[in-house]
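Work through the exercises below with the sequence and the 3D structure at hand. Each task is followed by a solution in steps.

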Amino acid sequence: MVRSVPAGPRLSLQLALVASLVGAGLGGAQVSRLSEIELPDGFSVGFFAEGVVGARSLAQSPGGTVFVGTRQVGRVHALVDSDGDGVADERYVVASGLNSPNGVAFRNGSLYVAEISRILRYDGIENRLDSPPQPFVVTDRLPTDTDHGWKFIRFGPDGRLYVPVGAPCNICNEADPYNAILRMAGDGSYEIVARGVRNTVGFDWHPGTGRLWFTDNGRDWLGDNQPPDELNVLTSHGQHFGYPFCHGRNISDPEFGSLRACSEFRPPAQELGPHVAALGMRFYTGEAFPQKYRGQIFIAEHGSWNRTDPIGYRVMVVRLNSAGRPTAYEEFATGWLQNGSAWGRPVDVMVRADGSLLVSDDRLGAVYRFEHESGRNTEPDPEPDPDPDPDPDPDPDPGPDPDPEPDPDPEPPPTDGPCKSSAETLCLHDGRYDVRVEWWTGDGETGSALVVPEATQDSGLFRFFDADNWEILIKVLNGCDVNDHYWVYGASTTDLGYAIRVRDTATGTVREYRNDPGQPAAAITDARAFPVACEEPVADAG
């Protein structure tokens with residue numbers, strides 16, 4: 001039975017670290033946050049699998065086994081729904097100790113896994129989930145750069161493996177094979193099919209035309225509202241999509257834009273929100289969603305890492321007309337971002353044989369399953385386009401602004417009770433303060449730090465997956481008897497950028513304190529971080 005909103009117990013991330021190593025089932029208990037996910041009428045969401053630490057790219061076999069790649073944890077998971085109830089009841093770690101095995105693909109009984117510089121193949125994997133074979137190295141000749149080096153891979157309708165090679169920087173003009181999408185043969189040889197692609201972590205082929213569509217992440221440090229992320233379509237091999245010279249439809253790069261004009265490049269089919277980190281995308285090819293979703297594009301937006309007002313952290317739909325042109329860019333699932341703080345980050349989307357939609361989340365360590373109550377077509381087919389465009393791929397007209405400005409004065413979050421301890425949340429002063437840490441590099445790679453078990457009531461440590469950048473100390477100093485406020489103190493041994501987010505669960509107040517990359521000195525908050533923190537919370541009359 002699929003668990004819908006509200007859902008039951010959630011495996012804590014601390015227990016998940018153990019469970020993912022041994023293939024164990026669910027355990028532990030936390031209050032689920034599924035009820036915070038907002039969906040269109042008739043849709044519901046449940047967990048296909050929990051405790052999948054670092055869940056990123058998704059692939060599935062014809063038999064229904066779901067393979068999940070990761071980045072920081074270096075593992076590939078296999079999830080099996082053996083009784084067909086929409087919840088994985090068997091899970092395995094089929095590979096570990098790999099170098100950012102983000103991308104996974106399945107073909108002819110073999111699992112393909114993309115590391116930073118290698119493509120591996122695990123033959124006959126479904127018959128050996130509990131004792132995986134040694135992989136065959138398809139190629140080990142891809143670039144070793146870690147910036148945008150993690151990969152999304154898929155097999156195209158032509159039977160070839162499509163492999164992107166991202167830009168090894170925020171903005172730079174590197175030669176082939178950087179900034180490109182490759183089409184690879186079985187022996188590891190390849191040709192370039194698209195250039196000018198900064199960092200795509202999701203693509204799919206149109207079910208009618210067979211053309212390749214892909215997301216692309218725009219560059220950083222041109223401001224909060226530009227450039228947009230992109231949804232692109234490849235109409236002929238070798239097309240160039242603008243990076244590093246041009247961004248979006250007509251934003252000339254301040255460093256490289258003088259070298260080439262935007263008119264020289266293939267413009268995006270749809271501009272997406274700025275810095276939303278659009279990753280996985282799929283055409284919806286199932287029949288369980290209402291007619292208006294069939295053949296449309298679902299996109300997972302991982303969320304902005306350096307925008308003043310965070311956006312993204314959602315699943316979007318791009319609607320196409322009968323000529324294959326985007327006509328709308330709208331929200332499908334939201335709620336992971338609450339009052340400027342995100343508890344989850346969607347990464348990839350995938351359609352199951354039963355028509356449900358799976359979405360991975362590398363922050364929560366889970367795979368969600370979205371379904372519609374009807375499971376069949378209950379709506380009439382839409383009216384045909386009265387004047388379809390004879391050219392299915394003209395330069396698209398600019399669509400509506402996909403990113404309206406947020407409310408400058410949002411309502412404060414409601415009180416929701418004390419902090420719940422987990423492997424990623426530090427609770428201080430008997431649960432009065434909820435503390436989390438997020439880190440990033442200068443080029444935008446992000447991740448969450450984990451609480452070490454030695455955390456105490458008043459202080460604790462966060463650690464990273466990166467062995468060279470591993471520690472942040474958090475301490476709350478109680479000065480109520482003297483100053484009528486708390487001091488919140490953070491010190492770090494890391495040279496990564498990081499943000500410390502502290503939430504007062506009694507008032508809902510959230511404060512964030514940031515250090516930029518390359519600034520390892522201690523960061524001390526403003527002394528009056530919580531000016532009313534020493535007041536006793538009002539008892540709940542209900």
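**Exercise 1.** State whether C246 is buried or exposed, and describe the disulfide of C246 and C262.

Solution.
- Step 1. C246 has a relative accessible area of 4%, so C246 is buried (buried means under 20% relative accessible area, exposed over 50%, partly exposed in between, with a 1.4 Å probe and protein chains only).
- Step 2. The sulfur atoms of C246 and C262 are 2.0 Å apart and form a disulfide, which is a pair of cysteine sulfur atoms within 2.5 Å.
- Step 3. The torsion about this S-S bond is about 105°, so the disulfide of C246 and C262 is right-handed.
- Step 4. C262 is buried as well, at 18% relative accessible area.

The model is predicted: local features need pLDDT of at least 70, side-chain atom pairs count only at pLDDT 80 or more, and totals for chains, interfaces and linings use all residues. Residues are numbered from 1 along each chain as its sequence is written, and side-chain values use heavy atoms, with hydrogens and water left out.

**Exercise 2.** Find how many disulfides the rule gives, and describe the link of C419 and C427.

Solution.
- Step 1. The count is three disulfides.
- Step 2. In the pair C419 and C427, the sulfur atoms lie 2.0 Å apart.
- Step 3. A torsion of about -70° about the S-S bond makes the disulfide of C419 and C427 left-handed.
- Step 4. C419 is buried at 10% relative accessible area, and C427 is buried at 13%.

**Exercise 3.** Describe the link of C169 and C172.

Solution.
- Step 1. The sulfur atoms of C169 and C172 are 1.8 Å apart and form a disulfide.
- Step 2. The link is left-handed, with -85° about the S-S bond.
- Step 3. Both C169 and C172 are buried.
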